[in-house]
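Biologist: I would like to go through the labels in this model one by one and hear what stands behind each.

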Amino acid sequence: MKKNQISTTAMGIAAMRAIESERPAGQRICYDPYARRFAGPIFYYLARLFSGYGEKRAPGVQGFIVCRCRYFDDYLQAWFEAGADQVVILGAGLDSRAYRGELQRRATRVFEVDSPATQAGKMKRVKALFGALPPNVTYVSIDFNEETLDKLRACGYDPALKTLFLWEGVSYYLNAEAVDATLVWVRSNSASGSAIIFDYLYTAALTSQRQRGEIKRMQRYSGVTGEKLVFGIERGKIEDFLNRRGFTHVVDANAAWIKSLYCTGPNQGRAVAEVYAIVHAEVE
Ligand SMILES: C[S@@+](CC[C@H](N)C(=O)[O-])C[C@H]1O[C@@H](n2cnc3c(N)ncnc32)[C@H](O)[C@@H]1O
């Protein structure tokens, strides 16, 4: 992440969500009505232009990203039905969940956490789209690699409430200490029954001699984007990893499972990259 610019991966991901959202209602896997405006025209048109090429060079990445968005949306929905008091979106980027669906309808207290430059860019877009920043959303800027989440408390976060932490598309950009510090903070500063959902990369994808196209490209261009893939978790080790950090009820959703959930009917032939997985866990 570059300190002085809005995250390029946040814009790229928003562009992919925008393209998926423009598919007919019965065919799209995820739906984000604001993604195109958030991504901006350059990223949107570049993503459109290179979508086919991208799929050839990095099969299943687009599939994983749209399925991930849907999985997080479904998890958020289920969690609401069980009762949610407060939501924290870690590395929020251009995530629009605070401005649509259940979070917007219920005006739930939402904290969006990201780097100062990305957050400034996001707030500008939110104001342009909605006229003002919604009163239920608090923007907290931190660098995960350099600070803990303590700033959340100073910004009105209530540790006594049952909280859902969404951490989508972020863990692999952080160093191991930052991932640890974030998980420890969540476990120590949230009420029983709180939960975290995040996606992660298998370590082998980073260390393998024959790296996938998108991993090689992300690393090659990390000097320009400031976003390098550095963190992974060994396949099969996530439950132990989270148990050791005090989390329970760990559910690990791998690519095959995610594909079986969403790549059905017209999406049956879509690939979902196998080097990523989604996990959720609870605070006891
Ligand atoms: C791939 S984007 C995902 C954005 C959003 N969660 C989504 O799914 O659309 C990664 C996000 O993590 C943020 N990020 C990466 N490293 C960070 C760090 N060290 N501190 C704070 N935010 C960071 C970036 O600014 C960016 O918004």
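The dialogue below takes up the labels and their cut-offs in turn.

Biologist: What should be kept in mind before reading the values?

Modeller: This is a predicted model, in which local features need pLDDT of at least 70 and side-chain atom pairs count only at pLDDT 80 or more, while totals for chains, interfaces and linings use all residues. Residues are numbered from 1 along each chain as its sequence is written, and side-chain values use heavy atoms, with hydrogens and water left out.

Biologist: Why is His-280 called buried?

Modeller: Buried means under 20% relative accessible area, exposed over 50%, and partly exposed in between, with a 1.4 Å probe and protein chains only. His-280 has a relative accessible area of 11%, so His-280 is buried. The residue is placed in strand 7 (residues 276-283); helices (H or I, at least four residues) and strands (E, at least two) are DSSP runs numbered from the N terminus.

Biologist: What makes the pair His-280 and Tyr-71 a polar contact?

Modeller: A polar contact is a pair of N or O atoms within 3.5 Å; within protein, one must be able to donate a hydrogen and the other to accept it, and residues adjacent in sequence count only if both atoms are side-chain atoms. The side chains of His-280 and Tyr-71 are joined at 3.0 Å, so the pair meets the distance limit.

Biologist: Which residues is His-280 in contact with, leaving aside neighbours within four places in sequence?

Modeller: Contact means heavy atoms within 4.5 Å. For His-280 the list is Tyr-71, Tyr-75, Ile-196, Ile-197, His-249, Val-250 and Val-251.

Biologist: His-249 is in that list. Why is His-249 called exposed?

Modeller: The relative accessible area of His-249 is 52%, and therefore His-249 is exposed. His-249 lies in strand 6 (residues 247-253). Its phi is near 50°, a positive value in a residue other than glycine.

Biologist: Ala-107 also has a phi near 50°. What makes Ala-107 partly exposed?

Modeller: Ala-107 has 48% relative accessibility, so Ala-107 falls in the partly exposed class. Ala-107 sits in the loop between helix 5 (101-105) and strand 2 (109-114).

Biologist: Why is Met-16 called partly exposed?

Modeller: Met-16 is partly exposed because its relative accessible area is 25%. Met-16 is in helix 1. Not counting residues up to four places away in sequence, Met-16 touches Gln-62, Ile-65 and Val-66. Met-16 and Val-66 are 50 residues apart in sequence, and their C-alpha atoms are 7.4 Å apart in space.

Biologist: How do you know that Lys-122 is buried?

Modeller: Its relative accessible area is 1%, so Lys-122 counts as buried. Lys-122 is found in helix 6 (residues 116-130). Leaving aside neighbours within four places in sequence, its contacts include Ile-6, Phe-38, Asp-95 and Glu-112.

Biologist: And why is Thr-182 called buried?

Modeller: Thr-182 is at 4% relative accessibility, and therefore Thr-182 is buried. Its place is in helix 8 (residues 176-188). Leaving aside neighbours within four places in sequence, Thr-182 is in contact with Leu-90, Phe-144, Leu-149 and Trp-167.

Biologist: What makes a set of residues a nonpolar core?

Modeller: A nonpolar core is a set of buried Ala, Val, Leu, Ile, Met, Phe, Trp, Tyr and Cys residues joined through side-chain atoms within 4.5 Å. The largest has 61 residues, and those with the most contacts inside it are Val-87, Leu-164, Leu-201, Tyr-276 and Ile-278. Helix 4 (residues 61-81) gives the most to this core, with 12 residues. A second, separate core of 34 residues includes Leu-149, Leu-242, Ala-277 and Ala-281.

Biologist: Which residues come nearest to the ligand?

Modeller: A residue is near a molecule or strand if one of its heavy atoms lies within 4 Å of it. Of the 21 residues around the ligand, Arg-17, Gly-91, Asp-114, Asp-143 and Glu-168 come nearest. Helix 1 (residues 8-21) supplies the largest share of the shell, 4 residues.

Biologist: Which atom of Asp-143 lies 2.9 Å from a nitrogen atom of the ligand?

Modeller: For Asp-143 it is a polar side-chain atom. For Phe-144 a backbone N or O atom lies 2.9 Å from a ligand nitrogen atom, and for Glu-168 a backbone N or O atom lies 2.8 Å from a ligand nitrogen atom.
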